[in-house]
Amino acid sequence: MAYTIPRGTFDIIPPDSTKWQALKERFQALAASFGYKEITTPIFEQSDLFERSSGESSDVVQKEMYRFTDKKGRVFALRPEGTAPVVRAFVEHNLAALGNQKLYYWGPMFRYDRPQAGRYRQFYQYGLEFIGSNNPYWDAELISFLWLFIKGLGLNKMHLEINSVGCPNCSSIYEQALREFYKPHLEKLCPDCQKRFVSKPRRLLDCKVPTCKNIASGAPSQLDYLDDECREHFQAVQDYLVRMEIPFMINPKIVRGLDYYTNTAFEIIYEGLGAQNSMAGGGRYNGLIEQIGGKPTPAIGFAGGLERLLIALENEGLEIGKEAVPDLFVVAMGDEARAFILPEINKLRHAGLAVEFDPDKASFKAQLKAANHCKARYAAIIGEDELRNGTVALKDLNSGEQESVALPDLASRLLKLKTGNDIS
Ligand code: HAM
């Protein structure tokens with residue numbers, strides 16, 4: 001029987017795994033340089049955590065959650081996103097006592113959705129969460145991080161859109177205004193929008209059905225319904241972004257798919273991604289920590305999809321990640337040489353050198369071919385003469401030059417060659 005991978009999932013195999021690794025390293029290094037520390041949470045959580053935080057009526061909860069019941073009848077869900085688990089951990093470990101928290105994560109998320117280019121059932125997110133302050137500086141700093149990360153990869157075909165969805169007060173006044181606006185058009189709306197009219201009128205703004213899109217173009221803007229505090233906050237975020245030289249445009253129609261957002265909401269849109277053009281998105285969630293059982297604490301975060309980043313890199317012809325190549329390939333002729341060299345290989349590896357050896361290849365030619373195939377920089381050749389003299393013939397596989405090196409000196413010789421400090 002042949003097994004196949006579940007629909008909407010993928011394997012990350014070499015050489016692609018090198019790109020994933022490189023992206024992770026870039027992300028982690030940049031996050032660390034902004035003072036963020038890694039947090040890792042389980043892949044599954046109580047289903048209720050997501051139902052409460054993402055919103056009962058959100059698509060994520062209604063249609064996309066992988067729920068399961070364990071042997072004791074407890075209902076869990078594979079995490080569809082990373083923010084609620086981070087907040088759960090923040091509350092559970094009382095991280096509030098340690099002051100503002102700057103946390104980053106990286107890992108698989110799960111959403112049962114119709115798979116297509118850039119949309120998967122298991123996908124990987126990288127994300128930051130800043131918990132503890134409502135200062136608009138943090139909104140701008142977090143957005144600048146995201147912009148720098150994506151720009152730093154060499155990508156160009158994207159833009160940043162920002163919006164403010166206000167606090168719960170101005171948001172509910174706005175939603176009422178939206179219902180008033182949509183009421184006369186109700187019959188013309190698609191069935192989904194008719195349902196959302198009551199529970200989530202804001203979602204009507206980003207419906208892709210042409211009639212709904214057309215009606216939405218005349219809808220009132222949230223920005224006209226912000227109270228003074230929310231307007232000032234949004235203005236301050238913009239001022240910081242201008243000072244940080246992060247280009248952005250205001251899109252009052254940004255509607256995030258999850259319910260927990262307050263004030264700042266933003267997305268990075270990539271032009272070459274087709275329908276799934278949101279490369280990353282996030283915003284403030286000042287009410288979520290209290291909702292999950294903590295003390296009221298303001299917070300902001302974002303998450304981006306790794307697969308979409310890789311599609312964008314390919315779209316712009318950008319390379320990332322160099323395949324690791326061995327420093328040395330050991331070519332040993334005969335059983336005696338093979339047995340003799342094993343402890344030496346260990347010593348070289350212990351010294352930090354990347355060494356490969358393949359006892360399945362018997363002939364000199366086959367071993368040298370393997371050395372070239374894995375792009376080793378040097379080959380250490382041990383035949384009868386070398387065995388007798390306690391030396392190796394060290395061959396530079398780029399230039400073809402060869403020198404004899406005493407075995408005890410091999411590690412230091414290679415390390416010198418590797419770091420370019422060779423003064424002999
Ligand atoms: P989100 O907008 O649902 O936000 O997802 C963030 C990013 O994950 C999207 O922009 C997209 O790149 C990627 N993504 C989402 N669904 C899929 C999918 N099915 N296949 C591939 N990629 C996908 C959140 O998840 C929030 N937790 C972000 C956040 C953090 N807000 C505050 N803090």
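## A pocket and its lining

Helix H6 gives the most to the lining of the second largest pocket, with four residues. Helices here (H or I, at least four residues) and strands (E, at least two) are DSSP runs, numbered from the N terminus. This is a predicted model, in which local features need pLDDT of at least 70, side-chain atom pairs count only at pLDDT 80 or more, and totals for chains, interfaces and linings use all residues. Residues are numbered from 1 along each chain as its sequence is written, and side-chain values use heavy atoms, leaving out hydrogens and water.

What does "pocket" mean here? On a 1 Å grid over the protein atoms alone, where a 1.4 Å probe fits, a pocket is an open set of points with protein on both sides within 12 Å along at least five of seven lines; lining residues have an atom within 4 Å of a point. The second largest pocket holds about 430 Å³ of space, a volume being the space filled by probe spheres set on the points. Its lining has 23 residues, and Ser171, Lys200, Asp259, Tyr260 and Tyr261 lie nearest the centre. Two or more lining residues come from each of helix H2 (47-54), helix H6 (168-182) and helix H10 (288-291). By class, the lining has eight nonpolar, eight polar and seven charged residues. Ala, Val, Leu, Ile, Met, Phe, Trp, Tyr, Cys and Pro count as nonpolar, Asp, Glu, Lys and Arg as charged, and the others, Gly among them, as polar.

## Helices that cross

Let's follow H2 to another neighbour. H2 and helix H4 (residues 83-92) pack at an angle of about 110°, with their axes 10 Å apart. Axes are lines fitted to C-alpha atoms over the stretch in contact, and angles run from 0 to 180 degrees between N-to-C directions. H2 and H4 are therefore roughly perpendicular to each other (65 to 115 degrees). Leu49, Phe50 and Ser53 of H2 touch Ala84, Pro85 and Arg88 of H4, where contact means heavy atoms within 4.5 Å.

H1 and helix H11 (residues 306-315) also pack at about 110°, with axes 11 Å apart. In this contact, Lys19, Trp20 and Leu23 of H1 meet Leu306, Glu307, Leu309, Leu310 and Leu313 of H11. The contact has six nonpolar, no polar and two charged residues.

## Around H1

The whole structure has 25 aromatic pairs (rings of Phe, Tyr and Trp, using its six-membered ring, with centres within 6.5 Å). Trp20 and Tyr124 form one that is edge-to-face, at 5.2 Å centre to centre and 80° between the planes; edge-to-face means planes over 60 degrees apart. Trp20 is in helix H1 (residues 16-33) and Tyr124 in strand E6 (residues 122-131), 104 residues apart.

Technical notes. Angles under 35 degrees count as roughly parallel, over 145 as roughly antiparallel, 65 to 115 as roughly perpendicular and the rest as oblique. Rings of Phe, Tyr and Trp (its six-membered ring) pair if their centres lie within 6.5 Å; planes under 30 degrees apart count as stacked, over 60 as edge-to-face and the rest as tilted.
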